[in-house]
Amino acid sequence: MAFFHQICRGFSSSAVRAVVIKHVTIIGGGQMGSGIAQVAASTGHSVTLVDTSEDILKKSVKTIEGSLRRVVKKKFADKPEAGEEYVQKVLKNVSTSSDAGSAAQGTDLVLEAIVENLQVKQDLFSHLDKLAPAHTIFASNTSSLSISDIASSTSRLDRFGGLHFFNPVPMMKLVEVCGTSATSQETFDSLMNFSKELGKTPVSCKDTPGFIVNRLLVPYILEAYHLHERGHGSKEDVDIAMKLGAGYPMGPFELSDYIGLDTIKFILDGWRVMDPNNPSFAPSELLNKLVAEGKLGKKTGEGFYKYK
Ligand SMILES: CCCCCCC[C@H](O)CC(=O)SCCNC(=O)CCNC(=O)[C@H](O)C(C)(C)COP(=O)([O-])OP(=O)([O-])OC[C@H]1O[C@@H](n2cnc3c(N)ncnc32)[C@H](O)[C@@H]1OP(=O)([O-])[O-]
Ligand SMILES: NC(=O)c1ccc[n+]([C@@H]2O[C@H](COP(=O)([O-])OP(=O)(O)OC[C@H]3O[C@@H](n4cnc5c(N)ncnc54)[C@H](O)[C@@H]3O)[C@@H](O)[C@H]2O)c1
């Protein structure tokens, strides 16, 4: 558990001044990447959204458009034309690319929201480190991987931090901003300012597993799986109990389907490697079975529950 005891943000001297983030390149156009792109574009930032194929990117833009329409339905309830104008104006701020390398060449911030896998994230940043301008800040939206470990694949340790958004990004107000022991004060300030510009409330957190929210949420969700697997409560009753008894907007099974079961499995597998003897992090057979069957939650139409 060396990671748990890691020394966190103590600022090193930086070669760069605080960067005002005007253009952001977001890698990964899934649930999180498209949500972050939407919010950044809505707050006047130029956004390039990157994914592995044009087909995925088309879906991402459709998701952004759908979510914007939900926003304008309320924001412009009495003025549908102004609402449509707003949607088009925001969409103009978003361009797409399937070439991460070229997208990183003229940007102030590269924010990664790809699969929750350390090696894949390191490979991406190591590649982009050679192509992005010197002033460009790199950040990861990882749920619980070590920011220092991801940053170690680059030579810009002072310009690297964690920027952890919550799902659904347009609705959730929090961003966890994480600096490592090598993150410069200027970089940290830039990330805090960027989060505020997005209309979010940032909190400062240490580079420890799960930061603040997931350090508490992971054991809670996993215990819900184990409780159900022991036969101590149906999924439905557990969800109802936590909504009506603890005031949560979603129960743990509903929330898991909303997050994505593949992402949850990636998080839990990584967590177990960090803390192998902790019985709280024992695998869930039910989760593993659903993921093996491709039932990844709402995004695939079935997870713990069926959708459609
Ligand atoms: C074991 C491992 C676990 C760790 C996992 C870690 C994951 C990660 O790192 C951390 C997280 O994110 S943790 C996860 C953290 N997240 C949570 O904990 C989330 C918990 N859930 C919630 O807070 C609420 O259920 C929601 C806000 C999702 C929905 O609100 P609701 O009231 O229950 O139900 P509603 O009727 O559907 O929606 C009402 C209205 O909201 C609006 N709107 C909604 N989505 C929108 C979107 N995408 N776009 C735009 N707008 C959107 C819209 O106006 C809609 O009205 P409409 O007329 O239908 O258009
Ligand atoms: N789902 C959540 O609730 C949530 C919340 C906060 C943080 N996160 C974190 O955000 C990240 C993304 O999660 P998500 O739920 O958006 O996943 P997702 O599966 O919805 O999307 C991931 C996207 O990344 C793309 N991708 C994968 N490898 C890529 C690469 N090398 N280059 C470009 N694109 C690539 C995939 O095609 C996919 O579209 C993960 O690190 C996750 O832990 C997730």
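A helix here is a DSSP run of at least four residues, and helices are numbered from the N terminus. Keep that in mind, because the helix labels that follow rest on it.

One caution before we start. This is a predicted model.

Let's begin with ligand 2. Helix H1, residues 31–42, supplies at least two residues of the shell around ligand 2. So does helix H5, residues 118–129. Which helix gives the most to that shell? H1 does, with 3 residues.

Now the whole shell. In total, 27 residues surround ligand 2. The closest are Gly28, Gly30, Met32, Ser143 and Asn167.

Next, the domains. The protein chain is divided into two parts: domain 1, residues 2–205, and domain 2, residues 215–300. Their centres, taken over C-alpha atoms, are separated by 26 Å. In the contact, domain 1 takes part with 9 residues and domain 2 with 11 residues. Look at the side of domain 1 that touches domain 2. It has 3 nonpolar, 5 polar and 1 charged residue.

On to a helix pair. Two packed helices are described by the angle between their axes and the distance between the axes. Our pair is H8, residues 213–229, and H10, residues 252–259. The angle is about 115°, and the axes are 10 Å apart. Is the crossing of H8 and H10 left-handed or right-handed? The crossing is left-handed.

Who makes the contact? From H8, we have Tyr220, Ile221 and Ala224. From H10, we have Pro252, Phe253 and Ser256. By class, that contact of H8 with H10 has 5 nonpolar residues, 1 polar residue and no charged residues.

Last, the annotation. An unreviewed UniProt entry places the feature "binding site" at Ser67, Lys74 and Ser143. These positions are spread over 77 residues of sequence. They are spread in space too, up to 30.2 Å between C-alpha atoms. Ser67 has its place in helix H2, residues 54–75.

To close, two points to take back to the structure. H8 and H10 pack at about 115°.

How values were computed: Residues are numbered from 1 along each chain as its sequence is written. Chains are lettered from A and ligands numbered from 1 in the order in which they are written. This is a predicted model: local features need pLDDT of at least 70, side-chain atom pairs count only at pLDDT 80 or more; totals for chains, interfaces and linings use all residues. A residue is near a molecule or strand if its C-beta atom, placed from the backbone, lies within 6 Å of it. Domain bounds come from an automatic or database domain assignment. Two residues are in contact if their C-beta atoms, placed from the backbone, lie within 7 Å. Ala, Val, Leu, Ile, Met, Phe, Trp, Tyr, Cys and Pro count as nonpolar, Asp, Glu, Lys and Arg as charged, and the others, Gly among them, as polar. Axes are lines fitted to C-alpha atoms, for helices over the stretch in contact, and angles run from 0 to 180 degrees between N-to-C directions. A crossing is left-handed if the near helix is turned anticlockwise from the far one by less than a right angle, and right-handed if clockwise. UniProt positions are given in the numbering used here, feature names are shortened, and annotations may be inferred rather than shown by experiment.
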